[in-house]
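Please take a moment to look over the sequence and the model together, and keep both in view while reading the paragraphs that follow.

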Amino acid sequence: MASGESRASYFAVNPALKTYSAPLAAGRGTAGARIIRPMPTPAAPSPRLVIFDLDGVVYRGPEPVPGAAELVVALRAAGVAVRFATNNSMATRRAYADRLAGHGITALPEEIVTSTWATITHLRLHEPALRRLLALGADGMLDELRGAGYDATPAGDAAGLDWNGEPLARSYDAVVAGLDPDVTYRTLGIAAAAIRAGARFVATNADLRYPTPRGLVPGAGAIVAALQATTGQRPLVIGKPEPAMLQAILEADGIAPEDALVIGDNPDADMPAARRAGIPVILVLTGVTDAAAATALNGERRPDWVAADPAAVAALLGVSLS
Ligand SMILES: [Mg+2]
């Protein structure tokens, strides 16, 4: 850290907080931003539950974000519950817990929130009559749906609907669509037929693209868009930037929005999801957003606070990293 730069590397961008006192150090590309020094106690968040986004916050691809593991430990030591939320629908919560362990973070599967788990929680709490599901998704999604007690049929195994116009052999209460790496023209047709026949159309998330080491590939949203175009039906979208995933976390834990905190790196996903759910949100600069871009955010894309890294989040929350 350059000399003269404040040790406080977070700043508030919520215009309701009027106690700006010092310009952020030059050289960080944050002209016009102000550090709160010290962060006034009433304005600093003191959450009971912190919801971490994963990629760009806890890890960047294969690499852990420095300080993230220590921040999780510090929050737990302070009695704060943590959840790890991802729009990904393909892997089970246990698989994510194993992945976090590889980054030095001990997490229970129950602390992991995939868009599939959030979809299950949403259905359980709000649509209990929907039991027979047609699943257009990866094996991990099917495992989670069945593990939660649903009568879930993978679209690839669904009988009926061939080129002679044979109807589906059974009806479904809902179609749950996520990222299905084995999607085919036939499975899209089966899912569309189920929706046209009256099944609720539920999307785990609407991410149009999915990043891989080889570049961007179609995301769940690309599959969902094909179904929407075919059926003319709009899906219920659970994942970020919609609020349903975050709301499912709050409902499952009985936490009020103002007692929770979201930490994310993506102004197009994490910020609007938190805003729509009424949850305060910190933008960290360890992922897809740099400081200059952070200060230019407006509307639903605007966070309450910006923090350079996990250490700055710890300072803002008043917990110390070991
Ligand atoms: Mg992210």
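Where is the place of Gln233? In this predicted model, Gln233 sits in the loop between helix H6 (220–231) and strand E15 (236–237). Once its neighbours within four places in sequence are left aside, the residues in contact with Gln233 are Ile195, Phe201 and Gln228. Ala192, which is 41 residues away from Gln233 in sequence, lies 9.5 Å from Gln233 in space, counted from C-alpha to C-alpha.

Is Gln233 buried, exposed or partly exposed? Gln233 is partly exposed, because 16 other C-beta atoms lie within 10 Å, whereas a buried residue would need 20 or more and an exposed one 12 or fewer.

Of the 322 residues in the protein, 49% are buried, and among the contacts with a separation of 6 or more, 67% are between residues 24 or more positions apart.

One of the helices, H3, covers residues 115–126 and so has 12 residues; from its first C-alpha to its last it reaches 16 Å, which is close to the 16 Å expected at 1.5 Å a residue. The buried residues of H3 are Ser115, Thr116, Trp117, Ala118, Thr119, Ile120, Thr121 and Leu123. These buried residues pack against helices H2 (93–102), H4 (139–147) and H7 (244–253), and also against strands E8 (112–114), E11 (174–177) and E12 (200–203).

Methods. Residues numbered from 1 in each chain as written. Predicted model: local features only at pLDDT ≥ 70, side-chain atom pairs only at ≥ 80, totals over all residues. Contact = placed C-beta atoms within 7 Å. Helix = DSSP H or I, 4+ residues; strand = E, 2+ residues; numbered from the N terminus. Expected span 1.5 Å × (residues − 1).
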